Amino acid sequence: MREYTHIPLDEEVRSIGGHYVLEKEVRLPFNGREVLYVVGMGVVDTSCCGITGCRYAIVPGYILGWKTRRNRDNLEVSEVESIRSEETKRILTEQIKKNDVVQHVEFH
């Protein structure tokens, strides 16, 4: 079991080369369980190398406990289980790309 800290949605996080925004969290039913994935957008717009960006999905894993506590920064925390099966990752990647316009799906 791992923990996933829920980052506030629709808040721009700036860095030296650009920024990202987490847009939504999705609880996707899958084979009798629920999978958590988060959709975001990253933009490189303050870099000397040009301008680019993409939409992506991050998959923390199967939900074991939804927002079970808050951490010391008062952010909600869920309990998740990593998805290890490559076949399951392939199926979920296809499903996520059908549901949301994302260029990349990352499993944690």
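User: Leaving aside its neighbours within four places in sequence, which residues is Glu79 in contact with?

Analyst: A contact here is a pair of heavy atoms within 4.5 Å. By that rule Glu79 touches Met1, Arg2, Tyr62, Ile63, Leu64, Gly65 and Thr68, once neighbours within four places in sequence are set aside. Before we go on, please note that this is a predicted model, in which local features need pLDDT of at least 70 and side-chain atom pairs count only at pLDDT 80 or more, while totals for chains, interfaces and linings use all residues. Residues are numbered from 1 along each chain as its sequence is written, and side-chain values use heavy atoms, with hydrogens and water left out.

User: Where is the place of Glu79, and what does its relative accessibility make it count as?

Analyst: Helices (H or I, at least four residues) and strands (E, at least two) are DSSP runs, numbered from the N terminus. Glu79 belongs to strand β6, residues 76–81. For accessibility, buried means under 20% relative accessible area, exposed means over 50%, and partly exposed is in between, using a 1.4 Å probe and protein chains only. Glu79 counts as partly exposed because its relative accessibility is 25%.

User: How many helices and strands are in the chain?

Analyst: The chain has one helix and seven strands. Reading along the sequence gives β-β-β-β-β-β-α-β. The C-alpha atoms fill a box of roughly 45 × 35 × 20 Å along the principal axes. Of the 108 residues, 38% are buried. Among contacts between residues at least 6 apart in sequence, 49% join residues at least 24 apart.

User: How many residues does the largest nonpolar core have?

Analyst: A nonpolar core is a set of buried Ala, Val, Leu, Ile, Met, Phe, Trp, Tyr and Cys residues joined through side-chain atoms within 4.5 Å. Here the largest one has 15 residues, and those with the most contacts inside it are Val35, Tyr37, Val59, Ile83, Leu92, Ile96 and Val105. At least two residues of this core come from each of β3, β4, β5, α1 (86–99) and β7 (104–107). Take Ile96 as an example: apart from neighbours within four places in sequence, Ile96 is in contact with Tyr37, Ala57, Val59, Val102 and Val105. There is also a second, separate core of seven residues, and Tyr4, Leu36, Val38 and Tyr56 are among them.

User: Why does His19 count as buried?

Analyst: His19 is buried because its relative accessible area is 15%. You can find His19 in strand β3, residues 18–30. Now for a polar contact: this is a pair of N or O atoms within 3.5 Å; within protein, one must be able to donate a hydrogen and the other to accept it, and residues adjacent in sequence count only if both atoms are side-chain atoms. The side chains of His19 and Arg14 make such a contact at 3.2 Å. Not counting residues up to four places away in sequence, His19 touches Glu12, Val13, Arg14, Met41, Gly42, Val43 and Asp45.

User: How many disulfides does the structure hold?

Analyst: A disulfide is a covalent bond between the sulfur atoms of two cysteines. The test is a pair of cysteine sulfur atoms within 2.5 Å. This structure holds zero disulfides. Cys48 is in none, and its nearest cysteine sulfur, that of Cys49, is 3.8 Å away. Cys49 is likewise in no disulfide. Cys48 counts as exposed because its relative accessibility is 80%, and Cys49 counts as exposed at 70%. To locate Cys48, look in the loop between β4 (33–47) and β5 (50–70).

User: What is the phi of Asn31 near?

Analyst: Most residues other than glycine have a negative phi. Asn31 has a positive value, near 50 degrees. Asn31 lies in the loop between β3 and β4, and at 69% relative accessibility Asn31 counts as exposed. Asn74 also has a positive phi, near 65 degrees, and is placed in the loop between β5 and β6.

User: Which ring does the charged end of Arg33 sit over?

Analyst: A charge sits over a ring if NZ of Lys or CZ of Arg is within 6 Å of the ring centre and within 35 degrees of the ring normal. The charged end of Arg33 is over the ring of Tyr62, 3.9 Å from its centre. Arg27 lies over the face of Trp66, at 4.3 Å from the ring centre.
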